[in-house]
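Subject: Structure handover

Hi,

Here is the structure I promised to pass on. My notes on what turned up in it follow below.

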Amino acid sequence: MTRIRKVFAALLAGLALALFSAAPATAHTGKLKLTVAGDGADGVTVQATYADGHRLDKPVRLTLTGTGPEGRRLGPVQLEPAPEGQGFYSSGPVLSPGTWKVTVTAPAPNRGDASAQVQARPAQSPPTPAPVAVTAPADGRAAGAEGSAWWWPVGLAALVLTALAVAVPMLFSRRRAD
């Protein structure tokens with residue numbers, strides 16, 4: 001009878017653990033804390049967390065609006081989750097060069113808003129590498145060939161010696177009768 005009780009208690013404990021681990025630890029509702037910054041080129045990035053400092057556990061809808069140089073207006077633009085991780089959002093290339101005042105808002109049930117001044121710059125491409133002159137040795141061999149051929153015979157000899165070290169004891173060993 002005690003064995004049945006132990007099995008029943010173990011099953012009950014396992015069921016309770018499964019149910020409690022599947023339930024969310026805390027339900028976050030309320031304000032979001034939004035940190036807005038430029039992405040270094042012509043976009044905006046946002047880091048969103050709950051007001052208590054915890055990371056977001058689900059995507060939220062964030063919208064971006066802005067005012068730029070010469071009174072240009074932007075938005076509303078919906079921000080997409082970025083691959084950097086939970087709570088990171090990016091606008092992509094939406095700003096023209098200049099200084100922008102941008103505002104990001106989150107609707108209910110997780111309200112939040114933040115504003116920032118962002119300096120948009122045109123995206124830069126890496127500099128093109130300088131051409132490298134390739135010269136062949138006077139004797140007609142390819143450049144670098146004089147130092148690369150020596151290791152083939154050494155590697156082959158090491159491989160053969162290793163194979164012999166494994167095979168020879170196996171060939172000459174006798175099986176002992178127990």
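Contact here means heavy atoms within 4.5 Å. With that in mind, and leaving aside neighbours within four places in sequence, valine 36 is in contact with Val44, Thr45, Val46, Val102, Val104, Ala114 and Ala116.

Before going further, a word on the source: this is a predicted model, where local features need pLDDT of at least 70, side-chain atom pairs count only at pLDDT 80 or more, and totals for chains, interfaces and linings use all residues. Residues are numbered from 1 along each chain as its sequence is written, and side-chain values use heavy atoms, with hydrogens and water left out.

**Overall layout**

The chain has 2 helices and 7 strands, arranged along the sequence as α-β-β-β-β-β-β-β-α. Both kinds of element are DSSP runs numbered from the N terminus: helices are H or I with at least four residues, strands are E with at least two. Among the contacts with a separation of 6 or more, 53% are between residues 24 or more positions apart.

The accessible surface comes to about 13700 Å², and 63% of it belongs to carbon and sulfur atoms. Areas come from the Shrake-Rupley method with a 1.4 Å probe; for residues, only the protein chains shown count as cover. Of the 178 residues, 20% are buried. For burial I used relative accessible area: buried is under 20%, exposed is over 50%, and partly exposed is in between (1.4 Å probe, protein chains only).

**The nonpolar core**

The largest nonpolar core has 23 residues, and Leu34, Val36, Val46, Leu62, Tyr89 and Val104 touch the most other members. At least two residues of this core come from each of strands S1 (32-38), S2 (44-50), S3 (62-67), S4 (73-81), S6 (98-106) and S7 (112-120). A core in this sense is a set of buried Ala, Val, Leu, Ile, Met, Phe, Trp, Tyr and Cys residues joined through side-chain atoms within 4.5 Å. In soluble globular proteins, nonpolar side chains tend to be buried together.

**Polar residues in and between the strands**

Threonine 103 sits in strand S6 and counts as partly exposed because its relative accessibility is 22%. Beyond four places in sequence, threonine 103 touches Thr63, Leu64, Thr65, Ala114 and Ser115. With serine 115 there is a side-chain to side-chain polar contact at 3.0 Å. A polar contact is a pair of N or O atoms within 3.5 Å; within protein, one must be able to donate a hydrogen and the other to accept it, and residues adjacent in sequence count only if both atoms are side-chain atoms.

Serine 91, in the loop between strand S5 (88-90) and S6, is buried because its relative accessible area is 15%. Its side chain reaches the backbone nitrogen of valine 44 at 2.8 Å. Leaving out residues up to four places away, serine 91 touches Gly43, Val44, Leu64 and Leu79.

Threonine 49 belongs to strand S2 and is buried too, with a relative accessible area of 16%. Leu32, Lys33 and His54 are what threonine 49 touches, again not counting residues up to four places away in sequence.

**Loops and backbone details**

The count of salt bridges is 1, taking a salt bridge as a side-chain nitrogen of Lys or Arg within 4 Å of a carboxyl oxygen of Asp or Glu. Glutamate 70 forms it with arginine 72, the closest N and O atoms being 3.7 Å apart. Glutamate 70 is exposed at 76% relative accessible area, whereas arginine 72 is partly exposed at 34%. Glutamate 70 is in the loop between S3 and S4, and its phi is near 60 degrees, a positive value in a residue other than glycine.

You will also come across cis peptide bonds. One joins glycine 75 and proline 76, with omega about 5 degrees, and proline 76 is in strand S4. Another joins alanine 108 and proline 109, with omega about 10 degrees; proline 109 is in the loop between S6 and S7.

**A patch on the surface**

Leu156, Leu159, Val160, Leu161, Leu164, Val168, Leu171 and Phe172 make a nonpolar surface patch of about 860 Å². Patches take residues with over 30% relative accessible area and no salt bridge, joining like charges within 9 Å and nonpolar side chains (Val, Leu, Ile, Met, Phe, Trp, Tyr) within 5 Å. Leucine 159 lies in helix H2 (residues 151-172) and is exposed, at 57% relative accessibility.

Best wishes
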